[in-house]
Amino acid sequence: MAANSFKLPTLLRRASHAFKLTPSLHLNQNVSSYCTLFSPPLPTPLASSASGICHIPQAIKGNDVDVLLNGVADKNTVEEVKHILEMARRASTRREVVHTNFLTPPVMKESMLALEKLADVEAIAQGGYPQAERCRISIGQPELLTSDPDIVAALSITGNFGFQSYSHGDFLGSILGTGISRERLGDILLQGERGAQIIIVPELVDFLISALDKVGRVPVSCTKIPLEAIEYEPPSTKSFKTIEASLRLDALASAGFKMSRSKLVDLISNGDVRVNWSPITKNGTTLKTGDVVSVSGKGRLKIGEINSTKKGKFAVELIRYL
């Protein structure tokens, strides 16, 4: 799509919107105001309901793609947001409602920021529960989005997990092994010995119920459950401080994940390290407060408060997700 091709009809640009108001989302220290664990929160507040649905009011702020994408640094994120803006253009032109796949937190964040600047469409994000990390976005003209689209469903995966604990990756690998793509799957909520609850697109519910029979070596059964039955607890974290000479990714991540810097550098080179859910291949990347570092097989780390020491070093709070 050309940078200057995204233009809205003059009449629609001048139209005003009747905003939908919903109760404020109950937040905790690990959850931001746009239904993900991404931090820091969006500068534009979103009204959310207990069902995990976010509504954003629209404003007439411009329609040039370059303006809408201003400030988005990651190239992959830019391309995904461009695609979503093209979906919004189609929704406006054809007077229809369109739905994205499940989006990663950075794409979700940048897409909502861009969509809120459009004058003739409304966007609703749904992840199944208020603190959902991965969400889908429904886009359409306000008069067409008079109710919340039914675009997410929940499944309970149960089995005898009392003898061996299984990780998020174990459940994810087994689900993807059935042939389902990652974009069609939302969050996975572990439930210890009971198994897990997952969010998925409604059209794949019956398929997964019939196709998923094991997670690792444990036989499982899948049952559809209402979204209201989703059980969610804020993730457990452990905070500690480190003194480092720099704020480089390799320095802070090696300290946070308790591994050698050389091992961390190898993981970065292999594409196994992400910052704010975007792949990073340069170990010299500088981190700041609020950044989230993910390492494949090791988990997630958040950068907390940063202070300078008298000797010119940095005292950094590291928050490890357990």
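This is a short exchange on how terms are applied to a predicted model.

Modeller: Residues are numbered from 1 along each chain as its sequence is written, and side-chain values use heavy atoms, with hydrogens and water left out. The model is predicted, so local features need pLDDT of at least 70 and side-chain atom pairs count only at pLDDT 80 or more, while totals for chains, interfaces and linings use all residues.

Biologist: Why is Arg 182 called partly exposed?

Modeller: Its relative accessible area is 23%. Buried means under 20%, exposed over 50%, and partly exposed in between, with a 1.4 Å probe and protein chains only. Arg 182 therefore counts as partly exposed.

Biologist: Where does Arg 182 lie, and what is it in contact with?

Modeller: Arg 182 sits in the loop between helix H5 (168-176) and strand S7 (185-190). Helices (H or I, at least four residues) and strands (E, at least two) are DSSP runs, numbered from the N terminus. Leaving aside neighbours within four places in sequence, Arg 182 is in contact (heavy atoms within 4.5 Å) with Arg 134, His 168, Leu 172 and Leu 176.

Biologist: What makes S6 and S10 a pair?

Modeller: Two strands pair if DSSP finds at least two bridges between them. Strand S6 (residues 153-159) and strand S10 (residues 218-225) have six bridges, in the antiparallel sense. Six bridges also join S6 to S8, again antiparallel. Thr 158 has a bridge partner in each neighbour: Ser 221 in S10 and Gly 195 in S8.

Biologist: What is the strand order of the open sheet, and which strands are its edges?

Modeller: The five strands run S7-S8-S6-S10-S9, with antiparallel pairing. S7 and strand S9 (214-215) are the edges, as each pairs on one side only.

Biologist: Why is S6 described as largely enclosed?

Modeller: Five of its seven residues are buried, so the rest of the structure largely encloses S6.

Biologist: What makes Arg 300 and Glu 133 a salt bridge?

Modeller: The rule asks for a side-chain nitrogen of Lys or Arg within 4 Å of a carboxyl oxygen of Asp or Glu. The closest N and O atoms of Arg 300 and Glu 133 are 3.0 Å apart. The pair therefore meets the rule. It links distant parts of the chain, 167 residues apart: Arg 300 is in strand S15 (residues 299-308), Glu 133 in the loop between strand S4 (122-126) and strand S5 (136-140). Glu 133 is buried, with a relative accessible area of 12%.

Biologist: How many salt bridges does this rule give?

Modeller: The count comes to nine. Among them is Arg 184 with Glu 203, closest N and O atoms 2.3 Å apart. Another is Lys 288 with Asp 291, at 3.1 Å.

Biologist: Are Lys 288 and Asp 291 buried or exposed?

Modeller: Lys 288 is exposed, at 52% relative accessibility. Asp 291 is buried, at 4%.

Biologist: Why are H3 and H4 called oblique?

Modeller: The axes of helix H3 (residues 75-94) and helix H4 (residues 105-115) cross at roughly 45° and come within 9 Å. Axes are lines fitted to C-alpha atoms, for helices over the stretch in contact, and angles run from 0 to 180 degrees between N-to-C directions. Angles under 35 degrees count as roughly parallel, over 145 as roughly antiparallel, 65 to 115 as roughly perpendicular and the rest as oblique. H3 and H4 are therefore oblique to each other.
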